[in-house]
Amino acid sequence: TDFLNVSAPSEICQQAGARIRVVADPLDDIHLQLVWDTPGDANQVDETGTDLDLHLLHPNGDNWFDPIYDCSYQNGSPDWGGRFQLTDDPSLDIDDRNGAGPENINLDNPEDTETIGGPYLVGVHYYRSTLGNFGGGDYGHSTATVRIYLEGVLAHEGEGRLEATNDFWEVGGIVWTGDEKRFTAIDRVIEVQPWEDSQ
């Protein structure tokens, strides 16, 4: 279906359907992708559903939801590098609030984690397991899948089960030095109390 809402095959477009395969390799130094499955949501592509959020925490961050160093829905394009130098800052490029994802965060020109004293951390927050922002039923658990690409190569793919609102899956850390680029799993679910907001 194209941007004019014309589908093939149809009366307007008689051409037979075709199947193509698209392979998309991320160009960013670090590319994170989150998708999720919520069995209690019968239609995960409609206007209501669960909300999971992807997080990338800079090594200088004190904790998840750090207002400066946690790239997430609350801070989609933080300034982590030199002032007004956008080439070394992360960005949350997709934020899905009511379904199965995807969400993604990208970062080019990461800092040397050996120099700054720790890895970049990747996490997933179960922001909302209820129907809509004001309750009205609970969808139950969600299974999150996170894919981590380093220099365009899939370095890690893993799943974590989040049971309820404010569960937080600490996926792992990314080590980035001149000699190595690697992922180290943490794979731990904790409960958090994030900042207040009106999302």
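# Close-up views of a predicted model

**View 1. Strands β1 and β7 pair around Leu34 and Val146.** In β7, Val146 is the bridge partner of Leu34. The model shown in this and the following views is predicted. Strands β1 and β7 run in the antiparallel sense and are paired over 8 bridges. Of the 9 residues of β7, 8 are buried, so this strand is largely enclosed by the rest of the structure. His31 also belongs to strand β1, which covers residues 30-37.

**View 2. His31 and Asn106 meet in a polar contact.** The side chains of His31 and Asn106 are joined by a polar contact of 2.4 Å. His31 lies in strand β1. With a relative accessible area of 11%, His31 is buried, because buried means under 20%.

**View 3. The hairpin of β7 and β8.** Strands β7 and β8 form a hairpin, with 2 residues between them. Glu151 is in the turn and has a positive phi of about 55°. The two strands, β7 and β8, pair over 9 bridges in the antiparallel sense. One of the facing pairs is Ser142 with Leu162, the latter in β8.

**View 4. A salt bridge between Arg147 and Glu157.** The structure holds 4 salt bridges. One of them joins Arg147 and Glu157, whose closest N and O atoms are 3.4 Å apart. Arg147 is in strand β7 (residues 142-150) and Glu157 is in strand β8 (residues 153-162), so the pair ties together parts that are 10 residues apart in sequence. Glu157 counts as partly exposed, at 45% relative accessibility.

View 5. An open sheet is formed by 5 strands, in the order β3-β2-β6-β9-β10, with antiparallel pairing. The edges are β3 (70-71) and β10 (181-191); each has a single partner strand, so one side of each is left without a neighbour in the sheet. Within the sheet, strand β2 (residues 51-57) pairs with strand β6 (residues 120-128) in the antiparallel sense, over 7 bridges. Leu56 stands opposite Val122, a residue of β6.

**View 6. A salt bridge between Glu170 and Arg188.** Is Glu170 buried or exposed? The side chain of Glu170 meets that of Arg188 in a salt bridge, at 2.6 Å from N to O. Glu170 lies in strand β9 (residues 167-176) and Arg188 in strand β10, so the pair ties together parts that are 18 residues apart in sequence. At 10% relative accessibility, Glu170 counts as buried.

**View 7. A salt bridge between Glu180 and Arg182.** Glu180 and Arg182 form a salt bridge in which the closest N and O atoms are 2.7 Å apart. Glu180 is partly exposed, with a relative accessible area of 32%. Arg182 likewise counts as partly exposed, at 37% relative accessibility.

**View 8. The charged end of Lys181 over Trp176.** In this view, the charged end of Lys181 sits over the ring of Trp176. The distance from that charged end to the centre of the ring is 5.2 Å.

**View 9. A ring cluster of Trp64, Phe65 and Phe168.** Which residues do ring pairs link into a cluster? They are Trp64, Phe65 and Phe168. The structure holds 4 aromatic pairs. In one of them, the ring centres of Trp64 and Phe168 are 4.7 Å apart and the planes are at 40°, so the pair is tilted. Trp64 lies in the loop between β2 and β3, while Phe168 is in strand β9, so this pair ties together parts that are 104 residues apart in sequence. Trp64 is buried, at 11% relative accessibility, and Phe168 is buried with a relative accessible area of 0%. Phe65 and Phe168 also form an aromatic pair, which is edge-to-face, with 5.9 Å from centre to centre and 70° between the planes. This second pair links distant parts of the chain: Phe65 is in the loop between β2 and β3 and Phe168 is in strand β9, 103 residues apart. Phe65 is buried too, with a relative accessible area of 8%.

Technical notes: Residues numbered from 1 in each chain as written. Predicted model: local features only at pLDDT ≥ 70, side-chain atom pairs only at ≥ 80, totals over all residues. Heavy atoms only, no water. Pairing = 2+ DSSP bridges. Helix = DSSP H or I, 4+ residues; strand = E, 2+ residues; numbered from the N terminus. Buried < 20%, exposed > 50% of the residue type's maximum accessible area, 1.4 Å probe, protein only. Polar contact = N/O pair within 3.5 Å; in protein donor to acceptor, adjacent residues only side chain to side chain. Phe/Tyr/Trp six-rings, centres within 6.5 Å; stacked < 30°, edge-to-face > 60°. Lys NZ or Arg CZ within 6 Å of the ring centre and 35° of its normal.
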